[in-house]
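Please look over the chain below before reading on.

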Amino acid sequence: MSKMSNISDAEWEVMKVLWARSPSTANEVIKAVEDHTDWKPKTVRSLLNRLVQKQIIAYSQDKVYAYYPLVSEEECVGTETRSFLKRIYGGAFKPMLVNFLKEEQLTPEDINELKKILDDKIT
């Protein structure tokens with residue numbers, strides 16, 4: 001779904017709200033983001049409108065507009081991951097993984113989980 005590859009960081013914040021509790025009114029989304037953003041209500045409404053135009057979300061209209069996602073969080077994360085991998089690492093997974101492993105502080109539990117994932121890939 002290429003339309004997801006152009007979701008801005010601000011739009012991601014709105015999508016997180018809608019994935020967590022949907023359908024939501026614009027006022028409910030505004031309330032949900034006001035603790036960690038300094039956005040004005042008009043900004044949030046503009047973001048909702050942009051996401052509707054991009055066909056990432058839709059709305060139903062009973063007494064108020066209630067917004068809901070048209071794509072799952074997993075689909076968006078997968079698209080964004082592939083886009084990042086292509087842009088930064090030319091689509092190659094191994095250099096990204098090596099860089100991650102060198103830069104991150106991993107607990108023994110993290111390492112065991114990664115080993116299990118890799119072992120599962122072999123079988």
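The sections below start with the basis of the model and then move to its parts.

## Basis

This is a predicted model, where local features need pLDDT of at least 70, side-chain atom pairs count only at pLDDT 80 or more, and totals for chains, interfaces and linings use all residues. Residues are numbered from 1 along each chain as its sequence is written, and side-chain values use heavy atoms, with hydrogens and water left out.

## Domains

The chain splits into domain 1 (1–89) and domain 2 (92–122). Their C-alpha centres are 30 Å apart. The bounds come from an automatic or database domain assignment.

Helices (H or I, at least four residues) and strands (E, at least two) are DSSP runs, numbered from the N terminus. A loop lies between α1 (9–20) and α2 (26–33), and Pro23 is in it. The peptide bond between Ser22 and Pro23 is cis, with omega about 5°. Most peptide bonds are trans.

Thr25 sits in the loop between α1 and α2 too. Thr25 is buried, at 19% relative accessible area. Buried means under 20%, exposed over 50%, and partly exposed in between (1.4 Å probe, protein chains only). Leaving out residues up to four places away in sequence, Thr25 touches Val64, Tyr65 and Tyr67. Contact means heavy atoms within 4.5 Å.

In α2, Ala26, Val29, Ile30, Ala32 and Val33 are buried. They lie on the same side of α2, because they cover an arc of only 165° around the axis. That arc is taken from the directions from the helix axis to the C-beta atoms. The buried residues of α2 pack against α1, α3 and β2 (65–69).

## Gln55

Gln55 is in the loop between α3 (41–53) and β1 (57–61). Gln55 is not a glycine, yet its phi is positive, about 60°. Most residues other than glycine have a negative phi. Gln55 is partly exposed, with a relative accessible area of 49%.

## The largest pocket

The largest pocket holds about 240 Å³ of space. A pocket is an open set of points on a 1 Å grid over the protein atoms alone, where a 1.4 Å probe fits, with protein on both sides within 12 Å along at least five of seven lines; lining residues have an atom within 4 Å of a point. Points are joined across faces, edges and corners, and the volume is the space filled by probe spheres set on them.

α5 (93–103) and α6 (108–122) each supply at least two lining residues. The largest share, 6 residues, comes from α6. The lining includes Phe93, Met96, Leu114 and Lys121. It counts 10 nonpolar residues, no polar and 2 charged. Ala, Val, Leu, Ile, Met, Phe, Trp, Tyr, Cys and Pro count as nonpolar, Asp, Glu, Lys and Arg as charged, and the others, Gly among them, as polar.
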